[in-house]
Amino acid sequence: MAFHDITLPDAFQYGSSAGGGFATIIQQTATGHEFRVARQSQSQHRMSLRSELRNSSEAKALKAFALARRGALHSFRIKDWSDYTTNADGETAPTAIDQLIGSGTGTQTTYQLVKRYEITGPNEYIRTLTLPVSGTVLAAIDGTPTTAFTVNSTGQLVFNTAPANGTVITAGCRFDVPVRFTADVDAWTRLQADAYNVWSLPQLDVVEVLNEVEQPERWHNGGAKFHGLLTSSIRLAWNDGALHVLGSNTVGVNVFLPVPTYQASGPEVMTLIHSGGPQSIQIKDDAGANVATLAAATIVRLGLYRSGGSVFWVSY
């Protein structure tokens, strides 16, 4: 599977419906009480596209698009007409002060684009934006617009110079949603001939792809990996598991942690056990900053905490 940086044409989306959803486990007891567990930290949007196609050329274009995506295999861009800008109403043109994306530290240059929902409520929701529309991203430092930045392929602002410590970083943009076709479309992309040279699209459903690299689930699926005695630095991956057993006879070995951007915050995200060898191992985040030192015959537990639009490793 892969992401294709191409947008489903807008003409096919009129009359569609869209909305976000979560995966919540609801366990009801015999007395009627409930236990509810959130399995996703990010909402997953779905769209049910309904469109009357005017002629056979539009029908053929849609068929070609679905075939090129190999049905549900490859993801692509789509414009959610109900929410496509960082403005609170989702439709008004974005500004540089729409959304808080972080605070300056004097050293940090990269900040993730986000959109915040119900910011005055008791439990603000932060949506990660990975597909800003090219040429629409605006940013400001302490309310002053700036153009001294670039935007990378995951929707992160990379400033030319790190904003000063304590400054307020804001941004705004138009954005698309990464989606794939659902299993129904994968089985049959159905185009219906209603009359001579008049076609309709009875059903074309898509579902948001939260991330195809990182693990977005709030609850880690467990798993462990034995790395043995390290002689050189390594980089851990989410699919290696939550428990890592390793040691070292070599001075200066580093263990780099996975990128935490899309992982839900919380305690006991990962545990590292020093199983042998006299040398300490330095634990670093993906950017190379020190997180903890794993001394011989010790255990380090790692968690994640969220600050603004960023997620950080912490040891305890």
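Is Asp-240 buried or exposed? Asp-240 is buried, with a relative accessible area of 16%; buried means under 20%, exposed over 50% and partly exposed in between, with a 1.4 Å probe and protein chains only.

This is a predicted model, in which local features need pLDDT of at least 70 and side-chain atom pairs count only at pLDDT 80 or more, while totals for chains, interfaces and linings use all residues. Residues are numbered from 1 along each chain as its sequence is written, and side-chain values use heavy atoms, with hydrogens and water left out.

**Colour by confidence.** The average pLDDT (the predictor's confidence in each residue, from 0 to 100) is 86, and 91% of the residues score at least 70. Strands are DSSP runs of E of at least two residues, numbered from the N terminus. Next select residues 212-216, where pLDDT stays under 50. The model has 15 contacts there beyond four places in sequence, a contact being heavy atoms within 4.5 Å. Where pLDDT is low, the predicted coordinates should not be read in detail.

**Select the salt bridges.** There are six, each a side-chain nitrogen of Lys or Arg within 4 Å of a carboxyl oxygen of Asp or Glu.

- Asp-5 and Arg-77 pair at 2.6 Å, N to O. Asp-5 is in strand E1 (residues 3-7) and Arg-77 in strand E6 (residues 75-78), 72 residues apart. Asp-5 is exposed at 57%, whereas Arg-77 is buried at 12%.
- Asp-83 and Lys-115 have their closest N and O atoms 2.7 Å apart. Asp-83 lies in the loop between E6 and strand E7 (99-103) and Lys-115 in strand E9 (residues 114-117), so the pair ties together parts 32 residues apart in sequence. Both residues are buried.
- Lys-225 and Asp-240 come to 3.6 Å between their closest N and O atoms. Lys-225 lies in strand E19 (residues 224-230) and Asp-240 in the loop between strand E20 (234-235) and strand E21 (243-248). Lys-225 is partly exposed, at 37%.

**Select the second largest cavity.** Its lining includes Asp-176, along with Arg-127, Phe-175 and Glu-208 among others. On a 1 Å grid over the protein atoms alone, a cavity is a set of points where a 1.4 Å probe fits but cannot get out, and lining residues have an atom within 4 Å of a point. Strand E10 (125-128) and strand E16 (177-181) each supply at least two lining residues.

Terms used: 1 Å grid on protein atoms, 1.4 Å probe; cavity = no way out; pocket = protein on both sides within 12 Å on 5 of 7 lines; lining within 4 Å. Helix = DSSP H or I, 4+ residues; strand = E, 2+ residues; numbered from the N terminus.
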